[in-house]
Amino acid sequence: MGEGVELVYSAEFAEVKEAVRVRLRATVWWRLLRWAAWAAGALAFAAAGLVLFLPGDPEPAVAAKTIVLALVAVGCAESLPWATAYSLFRLIGSQGETRAVVDEEGGRWTTRDTDTVIRWAMLPRYVETSRMFVLLTARQSGTGFAYLPKRGLADPADADRLRALLDRSAVRV
């Protein structure tokens, strides 16, 4: 790897959670999953209402089970980003300080027990947020990502250097 922009940081849960949310928003399947969960929840509430308010004997136990099922579906879909981020944070956080160097070839992340190099062909897209850069895999190759928190830069001007490097090497989403 050539000369590049260096970042040094330790994992923070809020950043991992933000990176996971950015990654999920960039996928079609996530939007479909959330839509399906909310639609199933709405249908379940409607079915519970029908069970309770249509002529005949109301069945509160069936309505209650249906409402619980709706809440579970929506709850699972909405907690997925948090659960994923928590799992990743425990893994990443256990490695201590991370040193990342990003250059024209790609990025290299070094921690206590790992040394990982990822070329731009694997991370051809990126999203910039107010706190970080999130590097994303191609749409067709999966749901991988890497994140680079701006607080890890030695100098605030390095954010402009990193942004310019990313603009040359990847597509901003």
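User: How many aromatic pairs does this model contain by the ring-centre rule, and how is such a pair described?

Analyst: A pair of aromatic rings is described by the distance between the centres and the angle of the planes. Rings of Phe, Tyr and Trp (its six-membered ring) pair if their centres lie within 6.5 Å; planes under 30 degrees apart are stacked, over 60 edge-to-face, and the rest tilted. By this rule the count is 7 aromatic pairs. One of them is formed by Tyr9 and Tyr147, which are tilted, at 5.9 Å centre to centre and 50° between the planes. This pair links distant parts of the chain, with Tyr9 in strand β1 (residues 5-10) and Tyr147 in strand β7 (residues 145-149), 138 residues apart. Helices (H or I, at least four residues) and strands (E, at least two) are DSSP runs, numbered from the N terminus. The model is predicted: local features need pLDDT of at least 70, side-chain atom pairs count only at pLDDT 80 or more, and totals for chains, interfaces and linings use all residues. Residues are numbered from 1 along each chain as its sequence is written, and side-chain values use heavy atoms, with hydrogens and water left out.

User: Is Tyr9 buried or exposed, and why does Tyr147 receive its label?

Analyst: Buried means under 20% relative accessible area, exposed over 50%, and partly exposed in between (1.4 Å probe, protein chains only). Tyr9 is buried because its relative accessible area is 4%. Tyr147 has 6% relative accessibility and therefore counts as buried.

User: Which aromatic pair involves Phe13 and is edge-to-face?

Analyst: Phe13 pairs edge-to-face with Trp82, at 6.1 Å centre to centre and 65° between the planes. The pair links distant parts of the chain: Phe13 belongs to helix α1 (residues 13-25) and Trp82 to helix α3 (residues 60-93), 69 residues apart. Phe13 counts as partly exposed because its relative accessibility is 23%; Trp82, at 44%, also counts as partly exposed. Phe13, Trp82, Tyr86 and Phe89 form one aromatic cluster.

User: Where does the charged end of Lys150 sit?

Analyst: A charge sits over a ring if NZ of Lys or CZ of Arg is within 6 Å of the ring centre and within 35 degrees of the ring normal. Here the charged end of Lys150 sits over the ring of Phe133, 5.2 Å from its centre.

User: What is the strand order in the open sheet?

Analyst: Two strands pair if DSSP finds at least two bridges between them. The open sheet of 4 strands has the order β1-β2-β3-β4, with antiparallel pairing. Its edge strands, β1 and β4, each pair on one side only. The twist averages 15° from one strand to the next, where axes are lines fitted to C-alpha atoms, for helices over the stretch in contact, and angles run from 0 to 180 degrees between N-to-C directions. Strand β1 is joined to strand β2 (residues 97-102) by 6 bridges, and Val5 has Val102 as its bridge partner in β2. Helix α4 packs on the sheet, touching β1 and β2, and its direction makes about 115° with that of β1. Strands β3 (residues 106-110) and β4 (residues 115-119) run antiparallel and share 5 bridges. A hairpin through 4 residues joins them, and Gly106 stands opposite Arg119 in β4.

User: Which residues is Leu165 in contact with, leaving aside its neighbours within four places in sequence?

Analyst: Contact means heavy atoms within 4.5 Å. Apart from those neighbours, Leu165 is in contact with Val5, Val102, Asp103, Glu104 and Trp120. Leu165 lies in helix α4 (residues 158-169) and counts as buried because its relative accessibility is 5%. The C-alpha atoms of Leu165 and Val5 are separated by 8.6 Å, although these residues are 160 residues apart along the chain.
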